Amino acid sequence: MSKPNLEALSGAGVSIWLDDLSRERLTSGNLDELIRDWNVVGVTTNPTIFAGALSKGESYDEQVRELANRGADTEATIREVTTTDVRNACDKFRDIYNSTNGVDGRVSIEVDPRLAFETDKTVAEAQDLWKTVDRPNLLVKIPATEAGIPAITKVIGEGISVNVTLIFSVERYEKVMEAYIAGLEQAKANGHDLRSIHSVASFFVSRVDTEIDKRLDKIGTDEATALKGKAALANAWIAYGSFEKTFRGERWEALKAAGANAQRPLWASTGVKDPSYSPTLYVDQLVVNDVVNTMPEKTLQAVADAGKITGDTVTGRAAEGQEVFDQLAAAGIDLQDVFVALETEGVEKFEKSWEELLETVTNQLAQLKG
């Protein structure tokens with residue numbers, strides 16, 4: 001049964017992706033239902049999602065037991081288990097991938113987060129994941145760290161589709177778009193069909209408010225308090241303005257004429273962290289044609305129940321966003337420091353999740369062997 005609010009969101013040009021994946025979702029029919037009735041046209045994963053999936057229930061026991069008996073170590077087991085889920089999800093979305101000419105029907109898998117500051121190892125891992133999953137609708141996730149930027153160019157240049165993750169600042173986002181365009185130029189020179197290369201840039205939303213609201217509370221003035229809950233949307237609106245400027249002009253038009261696809265903005269971290277905010281805040285206020293919003297199921301449900309989809313809420317709001325940023329700076333917020341802190345914390349969170357995943361799988365291998 002269709003959901004009118006989700007239909008409206010899709011109708012406004014927003015691709016709804018689910019920010020979650022597990023073996024249980026794949027085998028229970030849940031993902032099929034979300035595709036059929038909830039307008040879900042893609043999936044994103046990350047180390048935290050897989051750590052959670054493997055720590056619950058018995059869905060993975062059979063495969064882990066088989067790997068244990070084959071003598072697989074922890075790293076090989078994680079690779080086998082996660083790529084199996086992603087490959088199977090890719091197959092479920094293949095019809096959507098075909099019908100949208102590769103725009104949607106996408107499933108993302110992240111490179112090992114411990115490589116976030118090593119360019120060459122990130123490239124090698126991305127190549128290996130691309131070959132291992134072996135599906136055209138895969139997106140390999142590469143973090144937008146300083147070391148990740150040249151990796152993006154190299155990987156795109158080899159014809160691999162990429163989801164750039166952990167983008168917090170507009171300044172870094174502009175480097176990401178440049179890396180993508182440079183990668184397409186390399187891909188063209190390398191003889192790749194540009195039509196087959198797709199990319200999204202995952203611009204994180206709610207975490208910006210979480211960090212800045214905390215700092216505004218410390219400042220404690222009326223002016224500071226009045227700015228709470230405004231930074232994340234302002235940041236996204238400015239980012240979209242930058243996207244519009246980047247994907248026009250001679251350089252881009254030459255690539256477009258050769259079949260290149262624009263790198264779509266993807267709104268990530270769109271689950272609300274502060275319970276005093278509307279649970280659909282980072283969906284309702286980020287509606288614009290040709291973007292992705294990847295949501296945890298709780299947010300998807302909230303939008304279905306109470307979303308206020310009123311058409312485009314992004315175009316032309318970059319100046320409004322900049323005003324908010326000017327006010328934040330005047331109130332004493334060091335925005336540069338905020339974005340450094342968010343990137344550091346983002347990488348650390350995924351590293352911690354990866355360590356938890358290693359521990360879970362090590363224990364499962366020991367228990368299930370024999």
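1. Gly29 sits in the loop that joins α2 (23-28) to α3 (30-37), and in this predicted model Gly29 counts as partly exposed because its relative accessibility is 24%, a value that lies between the limit of under 20% for buried residues and that of over 50% for exposed ones. Along the chain Gly29 is 151 residues apart from Tyr180, and the C-alpha atoms of the two are separated by 36 Å. Tyr180 comes up again below, as one of the residues that Asn261 touches.

2. Most residues other than glycine have a negative phi. Asn39, placed in the loop between α3 and β2 (40-43), has a positive phi near 60 degrees. Asn101, which belongs to the loop between α7 (94-99) and β3 (106-110), likewise has a positive phi, of about 55 degrees, although it is not a glycine.

3. Are these two asparagines buried or exposed? Asn39 has a relative accessibility of 15% and therefore counts as buried, since the limit for that class is under 20%. Asn101, by contrast, has a relative accessible area of 66% and is therefore exposed, the limit there being over 50%.

4. Within helix α6 (residues 74-92) lies Thr82, a residue that counts as buried because its relative accessibility is 6%. When the neighbours within four places in sequence are left aside, the residues in contact with Thr82 are Phe50 and Ile109.

5. The helices α8 (residues 119-133) and α9 (residues 148-157) have axes that come within 9 Å and cross at roughly 35 degrees, and the crossing is right-handed. On the side of α8 the contact is made by Thr119, Thr122, Val123 and Ala126, while α9 brings Pro150, Ala151, Lys154 and Val155. By class, the residues of this contact of α8 with α9 are five nonpolar, two polar and one charged.

6. Which residues of α10 and α13 meet? From α10 come Val170, Tyr173, Glu174, Met177 and Ile181, and these meet Asn235, Ile238, Ala239, Ser242, Phe243 and Thr246 of α13. The residues in the contact of α10 with α13 divide into seven nonpolar, three polar and one charged.

7. The last point concerns Asn261, which is placed in the loop between α14 (250-257) and β7 (264-268). Its side chain has a polar atom 3.2 Å from the backbone oxygen of Arg195, and the side chain of Asn261 also reaches the backbone oxygen of Ile197, at 2.9 Å. Not counting residues up to four places away in sequence, Asn261 touches Tyr180, Leu184, Leu194, Arg195, Ile197, His198 and Trp252, so that Arg195 and Ile197, whose backbone oxygens were named above, are included in this list of contacts under the limit of heavy atoms within 4.5 Å.

Technical notes:
Residues numbered from 1 in each chain as written. Predicted model: local features only at pLDDT ≥ 70, side-chain atom pairs only at ≥ 80, totals over all residues. Heavy atoms only, no water. Helix = DSSP H or I, 4+ residues; strand = E, 2+ residues; numbered from the N terminus. Polar contact = N/O pair within 3.5 Å; in protein donor to acceptor, adjacent residues only side chain to side chain. Nonpolar A, V, L, I, M, F, W, Y, C, P; charged D, E, K, R; others polar. Buried < 20%, exposed > 50% of the residue type's maximum accessible area, 1.4 Å probe, protein only. Axes fitted to C-alpha atoms, helices over the stretch in contact; angles between N-to-C directions. Left-handed = near helix turned anticlockwise from the far one by under 90°.
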